[in-house]
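Subject: Structure handover

Hello,

Here is the structure I said I would pass on. My notes on what was found in it follow below.

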Amino acid sequence: MRIRIVDAFTDRPFAGNPAGVLLLDSFPDDDQLQRVALEVNHSETAFAHPLAAGGEADWALRWFTPATEVAMCGHATLATAHVLHTTGAHEGPVRFATRSGVLVATPREDGSITLDFPTAPLTPVEAPAGVAAALGAEPRTVLDTGPGIGDLLVEVADERTVRGLTPDLRALAAHSERGVIATARAEDPARGYDYVSRCFFPNVGVDEDPVTGSAHTALAPFWSERLGRPDLTGLQASARSGLVRTRMRGERTLLSGHAVTVIDGELLA
């Protein structure tokens, strides 16, 4: 198997969120996919194979963390589309058949790729007992992001609070299906972003995800309503950091970013 490591939601190597990408003729058994994902040991590894012409999708796509298969992953979808376009395996918009339905990735003239994802349904909820202590910050607003995402979206006081979080991940795991998205308004929008976030996903084997496309299907509607604009830019303030440009289209959210291939090799096992 040929394997590539791609940094997504960044235009330079060693930033953004790395994903493994394998283009296959068909999917091997699930145990083999999980073993490969564990060996790669990035937050997600994407596996894709071409589908017969004339259907609703062009490629089948699955995503695995080191611990489990997940229903949606933005950065590994971006990474897969980047590999397809840079290698000539696919031209123009690509339609992926996934557990979250058909997702479309469209290359742009500036080299970025735009993903068309379902918007997360946000439901305000009371802050669960213990979540403030587990996160290490007092929530201002807490929302459930629905079964497709499986996170709690937690607004905290300010950007400095988001950047300074050192959560108790074991305690945090009790409060959602996947994890917690912490967010706040940007301290200075002149820096090129409108809001910040960090994402902690201990329940799928990812303590902190560097840049999370799927989380922005919840962050985009939350901040677009707050800021009164459909087009925004989010900064995920992890150690690697990355920017996600978002555009609201009702039940769909467009996520745009760049990607860079940093490793191209062969899986021998």
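The model is a predicted one. The largest cavity has a volume of about 30 Å³. Its lining includes Glu44, Cys73, Gly74 and His75, and also Arg178, Asp209, Thr212, Gly213 and Ser214.

Arg178, one of those lining residues, also takes part in a contact with a ring: its charged end sits over the ring of Phe201, 4.0 Å from the centre. Arg62 is placed over a ring as well, with its charged end 5.4 Å from the centre of the ring of Phe27.

Next, the aromatic residues. The count of aromatic pairs comes to three. One of them is Phe47 with Phe64: the ring centres are 5.8 Å apart and the planes stand at 85 degrees, so this pair is edge-to-face. Phe47 belongs to strand β3 (residues 44-50) and Phe64 to strand β4 (residues 59-64), so the pair ties together parts that are 17 residues apart in sequence. Are these two residues buried or exposed? Both Phe47 and Phe64 are buried.

Phe222 and Trp223 form another pair. Their ring centres lie 4.9 Å apart with the planes at 85 degrees, and planes over 60 degrees apart count as edge-to-face, so the Phe222 and Trp223 pair is edge-to-face. Phe222 and Trp223 are both buried. Ring pairs also bring in Tyr195, which is linked with Phe222 and Trp223 into a cluster.

The remaining notes concern helix α1, which spans residues 30-40. Which of its residues are buried? Gln32, Leu33, Gln34, Val36, Ala37 and Val40 are. An α-helix has 3.6 residues a turn, so residues three or four places apart point the same way. In this helix, Leu33, Val36 and Val40 are among the buried residues.

The cover over the buried residues of α1 includes the strands β1 (2-8), β2 (17-23) and β5 (69-70). β3 and β4 are also part of that cover; these are the strands that hold Phe47 and Phe64 respectively.

As for the ends of α1, Asp29 caps the N-terminal one, with a side-chain oxygen 3.1 Å from the backbone nitrogen of Asp31. After α1 comes Asn41, which has a positive phi, near 65 degrees.

Regards

Key
Residues numbered from 1 in each chain as written. Predicted model: local features only at pLDDT ≥ 70, side-chain atom pairs only at ≥ 80, totals over all residues. Heavy atoms only, no water. Phe/Tyr/Trp six-rings, centres within 6.5 Å; stacked < 30°, edge-to-face > 60°. Helix = DSSP H or I, 4+ residues; strand = E, 2+ residues; numbered from the N terminus. Buried < 20%, exposed > 50% of the residue type's maximum accessible area, 1.4 Å probe, protein only. Lys NZ or Arg CZ within 6 Å of the ring centre and 35° of its normal. Contact = heavy atoms within 4.5 Å. Polar contact = N/O pair within 3.5 Å; in protein donor to acceptor, adjacent residues only side chain to side chain. 1 Å grid on protein atoms, 1.4 Å probe; cavity = no way out; pocket = protein on both sides within 12 Å on 5 of 7 lines; lining within 4 Å. Points joined across faces, edges and corners; volume = space filled by probe spheres on them.
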